[in-house]
Amino acid sequence: MNLLSILLVFLGMLILYFGIHLVINRGKIKFDYLVIAILYSFAIGVPVAYYSGSPDKFMPVFYVIYYTVFLLPFFGYEFYKCFRGRQTWGPFLLIFIGIILILLSPVLEHPVKFISILSGLALISGYFFHLFRYPHLNAMWLADMAKKAAENIEKDCRYSPKPVIVTTPSKKTSCTSAIGLYLLFKKNRSIVRMSKDFHQKLGRPNMEEYAKELVKRIKKKTEDEGKTL
Amino acid sequence: MIDLIRILGSEHIFSIIDFIQKNPGQNASSIASSLNIHTVTVQRALETLAKYSFVDVEEKRGVGRPSRNFSYRGGKLTIDLNDLFSDYDLKNDIIRESGNPDISFSYDVDKETVNAILFGGKKGNKIKLDVKTGRFLWLVPPPDSKGETIENICHEAGVPLIDAIRFCLKMQELDVLEVIR
């Protein structure tokens, strides 16, 4: 596999990335998330494409170590969200099995290899569909909503590192986060935690009002689309 | 004073006092095993009595942990009901966090409780909280909010009102909370 092939993989992933996020994030793409996602996609996609194209150069030890280092934080975080937020394990299993199936492709022979890649992509698409159904689980959408929620809130207020409790019940428990923001929806209340930098970035809004507004907007969005949260 | 009143109203207080009157210089563990009561119960009762000087404490150091030996001293107890109930009026006062930038918290999101208050970062001073006060502090609204009455938070946290009022006053002194009267 030459440099051109690697660049093609990279380009393909970029197109896929934009395509997916334009749908999943409802057209909202934020620069900081974009940089992280492109670098991450590049780091994940290129080795598997390279070894799938050149199985004779496959180095199992390097391959396993490389993907453990790169994928462990992602899976760890997804696992944490399921565990802490008591979410359903379905989406986690979809993305986990999907990625493992694609990662297995360099060691598989030709007919099975394509089935494995296609099945992996189908499962990953299922995960993206779940993100589309529940947009608050998507960090990029959440970051955009968090910024909008702060618009009409009283500014220049004090900060506290303790989470804010919003007494809005949820039908489904879930856990989500964006850079500097963490949300936990429990049955009887919602917990909103924000970092000092994030609070500063939003113009130091009144924490209580802001948390209420953010939870209200997320609930409204999911209710408008006929989903329970 | 409320802690002493609670201890005096407890089930085992007479047997504990009777025992240390007859057997001075005993530690909580030996009193507990002689009376067949839990050590923590005896320890709590004796420490409270010692706080109000109804019991003398002698600390013995040797092999292992230091031992605190208790002897009965006795004395007169005067209760000022006006003073005792003066704080009760604060139940309808509104509280919220002070937003002091030098204060941070160690908390557990799952258990919904504050474990400790950290003054001056992780290397600074630390005040550990028990489960009930930690739960109370967890429910206190953030700074610049409308706040919430002590009574309402108590009701939700399951903390006795008088304990919560004392806790709030202590936290106000430490600039963790602000009480809006």
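This tour moves from chain A to the interface with chain B, and then to a sheet in chain B. The model on the screen is a predicted one.

**Chain A**

Begin by selecting chain A and colouring it by secondary structure, which comes to eight helices and four strands. If you follow the chain along its sequence, the pattern reads α-α-α-α-α-α-β-β-β-β-α-α. Of the 229 residues in chain A, 45% count as buried; and among the contacts between residues at least 6 apart in sequence, 67% join residues that are at least 24 apart.

**The interface between chain B and chain A**

Next, show chain B together with chain A and select the residues that touch across the boundary: 26 residues of chain B are in contact with 21 residues of chain A. The area buried between chain B and chain A is about 1900 Å², and carbon and sulfur atoms give 48% of that area. Within chain B, select B:Val109, B:Asp110 and B:Asp144, which lose the most area to chain A and together account for 29% of what that side buries.

Now display side chains on both sides of the interface, where the rule finds six salt bridges between chain B and chain A. One to centre on is the salt bridge that A:Arg189 forms with B:Glu156, in which the closest N and O atoms are 3.3 Å apart.

E5(B) gives the most, with four residues. Colouring that side of chain B by residue type divides it into 13 nonpolar, four polar and nine charged residues.

**A sheet in chain B**

Stay on strand E4 of chain B, which belongs to an open sheet of three strands in the order E8-E4-E9, with antiparallel pairing. Strand E8 (148-149) and strand E9 (177-180) of chain B stand at the edges, and each has a single partner strand, so one side of each is left without a neighbour in the sheet. Strands of a sheet pair through backbone hydrogen bonds, either parallel or antiparallel. Select E4(B) and E9(B) together to view their antiparallel pairing, which runs over four bridges. As a last stop, pick B:Ile95 and look across to E9(B), where its bridge partner is B:Val179.

Notes. Residues are numbered from 1 along each chain as its sequence is written. Chains are lettered from A and ligands numbered from 1 in the order in which they are written. This is a predicted model: local features need pLDDT of at least 70, side-chain atom pairs count only at pLDDT 80 or more; totals for chains, interfaces and linings use all residues. Side-chain values use heavy atoms; hydrogens and water are left out. Contact means heavy atoms within 4.5 Å. Buried area is the accessible area (1.4 Å probe) that two parts lose on being put together, summed over both. A salt bridge is a side-chain nitrogen of Lys or Arg within 4 Å of a carboxyl oxygen of Asp or Glu. Helices (H or I, at least four residues) and strands (E, at least two) are DSSP runs, numbered from the N terminus. Ala, Val, Leu, Ile, Met, Phe, Trp, Tyr, Cys and Pro count as nonpolar, Asp, Glu, Lys and Arg as charged, and the others, Gly among them, as polar. Two strands pair if DSSP finds at least two bridges between them. Buried means under 20% relative accessible area, exposed over 50%, partly exposed in between (1.4 Å probe, protein chains only).
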